[in-house]
Amino acid sequence: MAYITFYDATDTDKQQLSEHLQSTDHHWEYVGEPISLDNLKPESEVISVFVSSAVTREMIEQLPKLKLISCRSTGFNNIDLAAAEEHGVTVTNVPSYGEHTVAEYTFGLILTLSRKLREAMNATERADIDLTHLTGFDLKGKTLGLIGAGRIGQQTAKIAGGFGMKVLAFDPFPNDEKAKEFNFEYVDLDRLAAESDVISLHAPLTGDNHHIVNGAFFEKTKPPALLINTSRGELVDTGTLIEALRSGKLAGVALDVLEGEKLLDADEEMLLLGRPGASAQLEESLEVNVLKKMSNVVITPHNAFNTTEAIGRINQTAAQNIIDFWYGNAPNKVTAPKRSMGKLVVTRHGESEWNALGKWTGTTDVHLTEKGFHEAAQLGQALKDIAVDYAFTSQQIRALETLEGILDASQEFDVPFERDHALNERDYGDYTGMNKWEVRDKIGEEAFNHLRRDWDYAVPNGETLKDVYARVIPYYQNTILPRLKQGQTVLITSHGNAIRALIKYLENISDGDISNVEMPFGNILIYDVDDDGRMTHKEERTIDTTPPPA
């Protein structure tokens, strides 16, 4: 007998799941809300969740009896599969429950945009109906581009054939037999973007396809196209999507899923206020609100699966997965995909105006010198062989100027980035603006070296390196590391002490030994990291420059 807890359970779920399990001796109960640390039941041997629940490592560690996670969905990127595997927990999914269901919904969204159905329905409430504002276009003769040609993509292609559409498909695992059966042609992503009148996403989220639809994709898009996403929100870079809508590259967008979709809930938005290190989530919230205000955008609440028949198939399979597992069988077991971690690239800003004068700058905003701008360009040249997906920098202008110089010199003009106080330079308190070498002469060489390098050496009204570590590392773990886990290459442009704090964590350096670590000007550190964000390999590069004068 197993103790089972079902989360995200609706009244329909309760009825259907109970019917499927009634002939067993299992004990089960239902929780209407998504799983959280507050509603865990430590006695649970099985938990079952919908996509609205994220099962984290911390949750798995707090369920000592857990043996099975039964996903009531096809997707399973809401489960920390690595943590489940480490703790001997099996994960199962519902491989197929409604390819017809989602494909039908996809065409509902396509027609909503192509025939302006929302505007047409609203027009009947007006006394003066102007049909010129409701003119749509025929689907017959148009080209549908599918990103992902699995079961749902194939059914979408079949429906498109009924409308007289030509169908192109991009998929990393082509199946020529299916292409012939469902009458579509495999093409590369560039051709799909250039020739499609309607683009529809039907791919699972993997470490390799995060933001597969991005600024570079939209540059190649045939205007004015429609974009439909009933798959996973993280496949689309929301910031560049908004720009494509504003520029006219896209005539309309229909999203059943989007990045930050939980922020459609006002309560989730409220939770962001005052949350440390939430800048990325706040940006997502702003993007969601911008999309909601755009007249050519349709957003639905992850609803493509939602038919009586599909829910019944989901619950039947999820319940059967539990029954099968308990008797030694797991036909729908999923495993952590073999993904490659992205690379972490770390470099210090170029020489600033105060560096050139030998002053302690701290959080003071000063610009780069001419030499500093030249160093930024050299750093960019040294990184031309590395494609950066995302960048982070501090709030200080010298770090931002360096980052922009690096990206310009490496000709990576569209790399998104964010600035955060967590990556700021150390606050030197009373020493800010003072000449370092005059301070050395005043307090002596030994005290001077302790002040500059030690882990917990007090600075009047300023920060120790320990203080800097306390803000840098949580930000790295919560905001930067998830991007690395998605396979993104991340560039950090920051300051000597912020980088020293990061190096301490990355390389497992002790409190005492960190005093021997320096981040020189002109150095580039390129890390491979493990799931905890710790170094597994390091490459160092340098540019030809001289340190600021002493």
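Author: The model is predicted: local features need pLDDT of at least 70, side-chain atom pairs pLDDT 80 or more, while totals for chains, interfaces and linings use all residues. Residues are numbered from 1 along each chain as its sequence is written, and side-chain values use heavy atoms, without hydrogens and water.

Reader: Why is N329 called partly exposed?
Author: Buried means under 20% relative accessible area, exposed over 50%, and partly exposed in between (1.4 Å probe, protein chains only). N329 has 41% relative accessibility, so N329 counts as partly exposed. N329 sits in the loop between α13 (308-326) and β13 (333-334). Helices (H or I, at least four residues) and strands (E, at least two) are DSSP runs, numbered from the N terminus.

Reader: How do you know that β6 and β7 pair?
Author: Pairing takes at least two bridges found by DSSP. Five bridges join β6 (residues 143-147) to β7 (residues 166-170), and the two run parallel. L144 has V167 in β7 as its bridge partner.

Reader: What makes the buried residues of α1 line one face?
Author: In α1 (residues 11-21), D13, Q16, L17 and L21 are buried. Seen down the axis of α1, they fall within an arc of 125°, so they line one face of the helix. That arc is taken from the directions from the helix axis to the C-beta atoms. D11 and Q15, on the other side of α1, are exposed.

Reader: What do the buried residues of α1 pack against?
Author: They pack against β1 (3-6), β2 (27-30) and α13. Contact means heavy atoms within 4.5 Å.
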